[in-house]
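Morning, everyone. Please hold comments until the end.

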Amino acid sequence: QVNLVESGGGLAQTGGSLTLSCAASGSGFKIDTFGWYRQAPGKQREQVAQIGSAGTTTYRDSVKGRFTISRDNARNMVFLQMNNLRPEDTAVYSCNARFIIPPSTRQQSAWGQGTQVTVSS
């Protein structure tokens with residue numbers, strides 16, 4: 001199995017920046033895709049950004065140009081650099097990993113516990 005632990009959340013002012021990190025641990029796994037998701041109170045969870053094993057990235061429209069997702073394959077980590085933060089970015093941010101454990105090719109999914117990001121106006 002894979003265990004994900006996020007860090008880096010906190011309080012920021014409008015226009016400020018925060019960087020989230022997520023570290024994957026376990027044994028024998030190979031991560032294909034990392035994703036960052038967020039859920040604001042009373043709202044459904046939504047994908048913020050995703051990065052594939054080759055570095056291909058996707059972002060939701062509202063964060064394009066402000067957020068950057070990156071990964072460190074050697075350390076099995078994913079990062080989310082968040083700039084020019086807005087109050088509407090306030091949410092619990094969680095990382096997700098889709099992985100396999102060879103020799104099995106069955107894709108599995110793991111979630112972190114989430115980290116709170118609060119942006120004050």
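Start with cysteine 95. Its relative accessibility is 0%, so cysteine 95 counts as buried. Buried here means under 20% relative accessible area, exposed means over 50%, and partly exposed is in between, with a 1.4 Å probe and protein chains only. Cysteine 22 is buried because its relative accessible area is also 0%. A disulfide joins cysteine 22 to cysteine 95, S to S 1.9 Å. The cut-off for a disulfide is a pair of cysteine sulfur atoms within 2.5 Å. The search of the whole structure finds one disulfide. That pair links distant parts of the chain: cysteine 22 is in strand S3 (residues 18–26), cysteine 95 is in strand S9, and they are 73 residues apart. Strands are DSSP runs of E, at least two residues, numbered from the N terminus.

A word on the source. This is a predicted model, where local features need pLDDT of at least 70, side-chain atom pairs count only at pLDDT 80 or more, and totals for chains, interfaces and linings use all residues. Residues are numbered from 1 along each chain as its sequence is written, and side-chain values use heavy atoms, with hydrogens and water left out.

Next, the sheet. Four strands form an open sheet in the order S1-S3-S8-S7, paired antiparallel. Which strands stand at the edges? Strand S1 (2–7) and strand S7 (67–72) do; each has a single partner strand, so one side of each is left without a neighbour in the sheet. On average, neighbouring strands of this sheet are turned by 15° against each other, direction ignored. Axes for that angle are lines fitted to C-alpha atoms, and angles run from 0 to 180 degrees between N-to-C directions. S7 pairs with strand S8 (residues 77–82) in the antiparallel sense over six bridges. Pairing requires that DSSP finds at least two bridges between two strands. Phenylalanine 67 has methionine 82 in S8 as its bridge partner.

Now aspartate 89. Where is it? Aspartate 89 lies in the loop between S8 and strand S9 (91–100). Its relative accessibility is 0%, so aspartate 89 counts as buried. Beyond its neighbours within four places in sequence, aspartate 89 is in contact with Arg38, Arg66, Phe67, Asn84, Val117 and Val119. Contact means heavy atoms within 4.5 Å.

On to charges. The whole structure has six salt bridges. The criterion is a side-chain nitrogen of Lys or Arg within 4 Å of a carboxyl oxygen of Asp or Glu. Arginine 38 forms one with aspartate 89, closest N and O atoms 3.0 Å apart. Arginine 38 sits in strand S4 (residues 30–39), 51 residues from aspartate 89. Both arginine 38 and aspartate 89 are buried.

Aspartate 89 also forms a salt bridge with arginine 66, closest N and O atoms 2.8 Å apart. Arginine 66 is in the loop between S6 and S7, 23 residues from aspartate 89. Arginine 66 is buried, as is aspartate 89. Salt bridges that share partners join Arg38, Glu46, Arg60, Arg66 and Asp89 into one network.

Arginine 60 forms a salt bridge with glutamate 46, closest N and O atoms 3.4 Å apart. Arginine 60 is in the loop between strand S6 (57–59) and S7, and glutamate 46 is in strand S5 (residues 46–51). At 29% relative accessibility, arginine 60 counts as partly exposed. Glutamate 46 counts as partly exposed at 25%.
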